[in-house]
Amino acid sequence: MRYMTAGESHNKGLIGVIEGLPAGIEIDEKVINNELKLRQGGYGRGKRMEFEQDTVDIISGIRMGKTMGSPVSLYIRNKDWDNYEHKFHKEGLEYYTPRPGHADLPGMLKYKFSDSRNVLERASARETAMRVAIGSICQQFLNYFKIKIYSHVKSLGAISIRETGDFEDIYKSPLYCLDKGAEEKMIELIDTAKAKGDSLGGTVETIITNLPPGLGDYTHYENRLDSRLAGSIMSIPSVKGVEIGVGFSGSHIPGSLYHDCIFYNEGIKRVQNNAGGIEGGMTNGEHVVLRAVIKPIPTLKMSLGTFNTLTKENCKTDYQRSDTTVVPAASVVVKNVVAIEIAKAILDKFAGDHIDDTLNTFTSYLKRIEEF
Ligand SMILES: Cc1cc2nc3c(=O)[nH]c(=O)nc-3n(C[C@H](O)[C@H](O)[C@H](O)COP(=O)(O)O)c2cc1C
Ligand SMILES: C=C(O[C@@H]1CC(C(=O)O)=C[C@@H](OP(=O)(O)O)[C@H]1O)C(=O)O
């Protein structure tokens with residue numbers, strides 16, 4: 001399975017194409033739209049999300065609610081196109097003060113633009129709306145294998161969660177956070193940052209349950225599942241780090257305590273899951289546990305030092321509008337890019353032109369593992 005996206009933030013809309021999904025997968029458009037809504041939400045989003053109402057238009061590949069085996073293509077309209085329509089292809093939207101932390105300056109240097117409009121349009125995380133739509137289709141595919149993916153906000157600014165609750169209620173919380181006490185403090189922090197014109201980062205955690213062992217591969221570096229997952233998460237704008245299992249804190253633990261001892265008791269068991277469910281680039285049958293670091297977004301009302309690319313004068317960045325924090329939204333994006341990678345790994349291993357073929361191969365593999 002492979003996929004591609006296209007589209008700019010203030011142009012007509014976003015396009016996505018998925019090739020290689022088996023036929024017969026039931027796809028509910030409402031489920032995709034709900035996931036899109038979650039990505040738009042989360043406390044700390046800005047004005048743009050108040051008027052965008054992302055909904056997917058399925059252009060091809062699905063008939064009477066089921067995949068046909070042909071490429072699935074999707075369209076999400078940018079409502080902001082209505083505001084920009086007369087301007088997008090005309091002069092007047094130039095941006096000459098590259099924002100530190102955004103793609104502006106390296107993009108201008110690379111593509112020979114004196115104005116960063118052509119850079120920021122595609123560098124914008126608007127693109128992640130399409131990846132969420134594709135990820136939602138992949139989640140619906142993964143349901144056939146009972147594989148579930150959960151994401152939550154683990155920290156925001158300097159506030160970390162201490163307690164975890166029930167994932168079923170996660171989207172009832174304004175910050176997609178499992179610790180109500182921590183969440184209240186995070187909301188205060190966001191309000192203060194917003195009033196100051198500043199922005200905030202944080203971390204999100206994603207857990208994938210019910211995975212069979214053996215997804216991914218050790219025989220070739222490109223097929224290691226940890227590298228694929230980390231690569232796809234790092235490709236989300238503003239993600240600056242990914243860890244698996246105990247991750248960076250594992251450097252403080254001796255090997256005798258780090259590694260997850262194995263025992264057999266009516267099946268293969270582990271005493272703990274420091275590896276985060278992946279050994280040698282393959283799932284080992286435990287939950288996969290990942291965390292991602294989201295940096296504070298670069299567009300700040302309080303402005304940052306830069307220079308004007310036309311006049312070469314040092315100055316401050318221009319400001320129109322922006323989010324204050326995107327950590328909750330990023331948790332939804334991470335969940336969905338992870339769904340895409342897991343769907344790819346399932347199809348690499350179990351293939352099939354029809355979902356029943358894929359399920360048959362999957363079931364016979366599980367039987368072999370059970371009899372090991
Ligand atoms: C959902 C989401 C919304 C974002 N919103 C903004 C925003 O309003 N303003 C901004 O400057 N950056 C925003 N970003 C981050 C930028 O897109 C990102 O920092 C930029 O593309 C540079 O990429 P990098 O941070 O990966 O280096 C957002 C990121 C995500 C995931
Ligand atoms: C449009 C989305 O996020 C945008 C991502 C983004 C950026 O620079 O990444 C900048 C902002 O765009 P605008 O300047 O038009 O308000 C965000 O709103 C979205 O998430 O759908």
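## Close-up views of a predicted model

**View 1. Helix H6, residues 128–143.** Helix H6 has 16 residues and reaches 22 Å from its first C-alpha to its last, close to the 22 Å expected at 1.5 Å a residue. The structure shown here and in the other views is a predicted model. H6 is mostly covered, with 14 of its 16 residues buried. An α-helix has 3.6 residues a turn, so residues three or four places apart point the same way.

**View 2. An open sheet of five strands.** The strands follow the order E8-E7-E9-E15-E10, and their pairing is antiparallel. At the edges are strand E8 (159–160) and strand E10 (239–244), each of which pairs on one side only. Strands of a sheet pair through backbone hydrogen bonds, either parallel or antiparallel.

**View 3. The pairing of strands E7 and E9.** Strand E7 covers residues 148–156 and strand E9 covers residues 202–209; the two pair in the antiparallel sense over eight bridges. For Ser155, the bridge partner in E9 is Thr203.

**View 4. An open sheet of four strands.** Here the order is E1-E2-E6-E3, and the pairing is antiparallel. Strand E1 (2–7) and strand E3 (56–60) each have a single partner strand, so one side of each is left without a neighbour in the sheet. From one strand to the next, the twist averages 20 degrees.

**View 5. The pairing of strands E2 and E6.** Six bridges join strand E2 (residues 13–19) to strand E6 (residues 72–77) in the antiparallel sense. Gly13 stands opposite Arg77 in E6.

**View 6. The surroundings of ligand 2.** The residues around ligand 2 are Ser9, Gly46, Arg48, Glu52, Ser124, Ala125, Arg126, Ala129, Pro237, Arg321, Ser322 and Asp323. Sorted by class, this shell has three nonpolar, four polar and five charged residues.

**View 7. Glu266 in a loop.** Glu266 is found between strand E11 (262–264) and strand E12 (268–270). Is this residue buried or exposed? Glu266 counts as exposed because it has 5 C-beta neighbours inside 10 Å, and a residue with 12 or fewer is placed in that class. Arg77 and Glu266 are 189 residues apart along the chain, and their C-alpha atoms are separated by 52 Å.

How values were computed. Residues numbered from 1 in each chain as written. Chains lettered and ligands numbered in written order. Predicted model: local features only at pLDDT ≥ 70, side-chain atom pairs only at ≥ 80, totals over all residues. Expected span 1.5 Å × (residues − 1). Buried ≥ 20, exposed ≤ 12 C-beta atoms within 10 Å, placed from the backbone. Pairing = 2+ DSSP bridges. Near = placed C-beta within 6 Å. Nonpolar A, V, L, I, M, F, W, Y, C, P; charged D, E, K, R; others polar. Axes fitted to C-alpha atoms, helices over the stretch in contact; angles between N-to-C directions.
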